[in-house]
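User: I'd like to learn how to read a few features off a model. Could you walk me through some, general idea and then the case here?

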Amino acid sequence: MTVLTFTLILILAAFLAGLLGSLTGLGGGVVVIPVLTLCFGIDFHYAIGAALIASIATSSGSASAYVREGITNIRLGMFLEIATTIGAVCGAFIAIWMPTNIIAVIFGVVMIMTAVLQQRRKVDHENVVGSTMAKKLQLYGSYPTKEGMKSYQLTNVAGGFSIMLSAGVLSGLLGIGSGVLKVLAMDAAMKVPFKVSTTTSNFMIGVTAVASAVVYLQRGYIDPGIAFPIIIGVLAGSMSGARLLKRMNVSVLRKIFSVAIALVALNMIYNGIMGKF
């Protein structure tokens with residue numbers, strides 16, 4: 001395979017990663033890592049480094065559009081970012097010393113768990129009574145819908161903050177931008193509307209990924225020949241996803257979210273158990 005062919009394939013895969021990450025809050029790593037490790041046989045640590053770059057690009061490409069549309073809860077994102085950043089640095093140091101086959105199995109298990117949990121919820125949260133802590137921190141907000149602006153409140157701030165700490169560890173360990181647990185923390189624990197949790201996750205992903213990417217950069221696990229094509233593709237995909245989100249309903253988003261991660265999860269677990277990484 002020539003360098004040009006390799007680069008074009010990476011750009012296409014990154015475009016799909018950016019599109020999916022933008023629509024679901026995943027961050028793009030869920031597509032980038034399987035492509036690099038399963039299709040090209042690239043070392044898992046280099047794949048994680050590239051996936052973190054993809055997560056940063058996804059956040060940069062789509063977060064600005066979501067903020068402009070008024071969907072993202074910036075105050076909530078900045079508050080929860082305290083936990084994810086601390087966790088991301090810890091996770092990155094753990095990943096440097098952990099065997100790659102174990103990381104692959106953890107990656108697959110987290111993806112399957114996310115797919116199952118995401119399908120359990122059928123409707124958006126309605127009439128949520130905000131907790132005292134959420135009101136003190138002014139974490140409530142509103143977002144645009146077809147019927148106009150819709151206000152919402154949230155609860156269980158401490159629980160969501162704790163899950164975000166784990167989300168940060170997963171970001172550094174797996175290179176998935178921690179969007180998986182970020183969406184679940186805001187959606188399931190804090191009762192934030194799905195579109196708000198998804199877009200706020202995109203807003204947070206960039207900072208979380210940067211924190212752990214610094215560790216990988218210092219260890220030499222970020223290869224420009226891999227990272228640059230991924231940045232181009234992910235930016236294009238994430239900006240396309242930002243435009244599509246306004247025209248898609250929540251049920252479609254959940255199906256995209258669950259099907260995509262379930263398909264790659266089994267492959268990752270199998271290859272990890274068989275020691276192919």
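User: Over residues 31–57, how much of the chain is helix and how much is strand, and how far apart are the end C-alpha atoms?

Analyst: Some ground rules before that. This is a predicted model, where local features need pLDDT of at least 70 and side-chain atom pairs count only at pLDDT 80 or more, while totals for chains, interfaces and linings use all residues. Residues are numbered from 1 along each chain as its sequence is written, and side-chain values use heavy atoms, with hydrogens and water left out. Helices (H or I, at least four residues) and strands (E, at least two) are DSSP runs, numbered from the N terminus. Residues 31–57 come out at 85% helix and 0% strand, with 14 Å between the end C-alpha atoms. For residues 201–218 you get 100% helix, 0% strand and ends 26 Å apart.

User: Which residues does UniProt list as "transmembrane region"?

Analyst: The unreviewed UniProt entry gives 31–57, 157–181, 201–218, 225–244 and 256–273. Positions follow the numbering used here, feature names are shortened, and annotations may be inferred rather than shown by experiment.

User: How do α4 and α9 cross?

Analyst: Axes are lines fitted to C-alpha atoms, for helices over the stretch in contact, and angles run from 0 to 180 degrees between N-to-C directions. Helix α4 (residues 74–97) and α9 have axes that come within 8 Å and cross at roughly 30°. They are therefore roughly parallel (angles under 35 degrees). The contact of α4 with α9 involves 15 nonpolar, 6 polar and 1 charged residues. Here Ala, Val, Leu, Ile, Met, Phe, Trp, Tyr, Cys and Pro count as nonpolar, Asp, Glu, Lys and Arg as charged, and the others, Gly among them, as polar.

User: Where is Q138, and what is its phi?

Analyst: Most residues other than glycine have a negative phi. Q138 has a positive one, near 55°, and sits in the loop between α6 (132–136) and β1 (141–145). Its relative accessible area is 42%, so Q138 is partly exposed.

User: And what is the phi of K191?

Analyst: Near 65°, again positive in a residue other than glycine. K191 is in the loop between α8 (179–189) and α9 (194–218), and K191 is partly exposed at 31%.

How values were computed:
Buried < 20%, exposed > 50% of the residue type's maximum accessible area, 1.4 Å probe, protein only. Parallel < 35°, antiparallel > 145°, perpendicular 65-115°, else oblique.
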